[in-house]
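Visitor: I would like to learn how to read a model like this one. Where do we start?

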Amino acid sequence: MAGVALLGGCAHLPDDVPAWGPDIVGITQYNKVVSFVHGQPGTLESSAKITGLPAGDVVVAIDFNPKDGQLVALSEHGSLYHLDWKSGAASPLASLAGM
């Protein structure tokens with residue numbers, strides 16, 4: 001697993017969400033989203049640079065929405081995004097800045 005250092009956040013699919021995605025998704029200090037199969041943590045299933053954030057912003061936390069199974073990311077500047085774990089594309093969802 002050379003070159004991958006996970007930050008503190010990983011997301012695991014809730015048991016009642018259909019198994020359409022990976023078992024474990026994480027973010028790295030290099031602003032990438034990575035995925036693993038839980039039984040093979042040394043093997044990356046996917047790795048993609050996170051795109052769609054304003055310049056200077058980075059993702060600091062992720063979680064799967066238990067209602068719809070979508071991966072949601074929180075940025076350092078206080079914005080929420082839908083995050084495509086395969087492509088790394090972030091789509092604006094809401095801003096928590098100033099709340």
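Guide: Start with confidence, since this is a predicted model. Over residues 1-8, pLDDT stays under 50. The model still has 19 contacts beyond four places in sequence for that stretch.

Visitor: Which elements have the lowest and the highest mean pLDDT?

Guide: Strand β1, residues 6-12, has the lowest, with a mean of 49. The highest belongs to β7, at 96.

Visitor: What does the chain average?

Guide: The average pLDDT is 81. A score of at least 70 is reached by 76% of the residues.

Visitor: Let us turn to Ser-79. Where is Ser-79 placed?

Guide: In strand β7.

Visitor: Is Ser-79 buried or exposed?

Guide: Buried means under 20% relative accessible area. Ser-79 has 16% relative accessibility, so Ser-79 counts as buried.

Visitor: Which residues does Ser-79 contact, leaving aside neighbours within four places in sequence?

Guide: Ala-73, Leu-74, Ala-94, Ser-95 and Leu-96.

Visitor: Now His-77. Where is His-77 found?

Guide: In the loop between β6 (71-75) and β7 (79-83).

Visitor: Why does His-77 count as partly exposed?

Guide: The partly exposed class lies between the buried cut-off of 20% and the exposed cut-off of 50%. His-77 counts as partly exposed because its relative accessibility is 44%.

Visitor: What does His-77 touch beyond its neighbours within four places in sequence?

Guide: His-77 is in contact with Gly-56, Asp-57 and Ala-97. Pro-54 is 23 residues from His-77 in sequence. Their C-alpha atoms are 9.4 Å apart.

Terms used: Residues numbered from 1 in each chain as written. Predicted model: local features only at pLDDT ≥ 70, side-chain atom pairs only at ≥ 80, totals over all residues. Heavy atoms only, no water. Helix = DSSP H or I, 4+ residues; strand = E, 2+ residues; numbered from the N terminus. Buried < 20%, exposed > 50% of the residue type's maximum accessible area, 1.4 Å probe, protein only. Contact = heavy atoms within 4.5 Å. pLDDT = per-residue confidence, 0-100.
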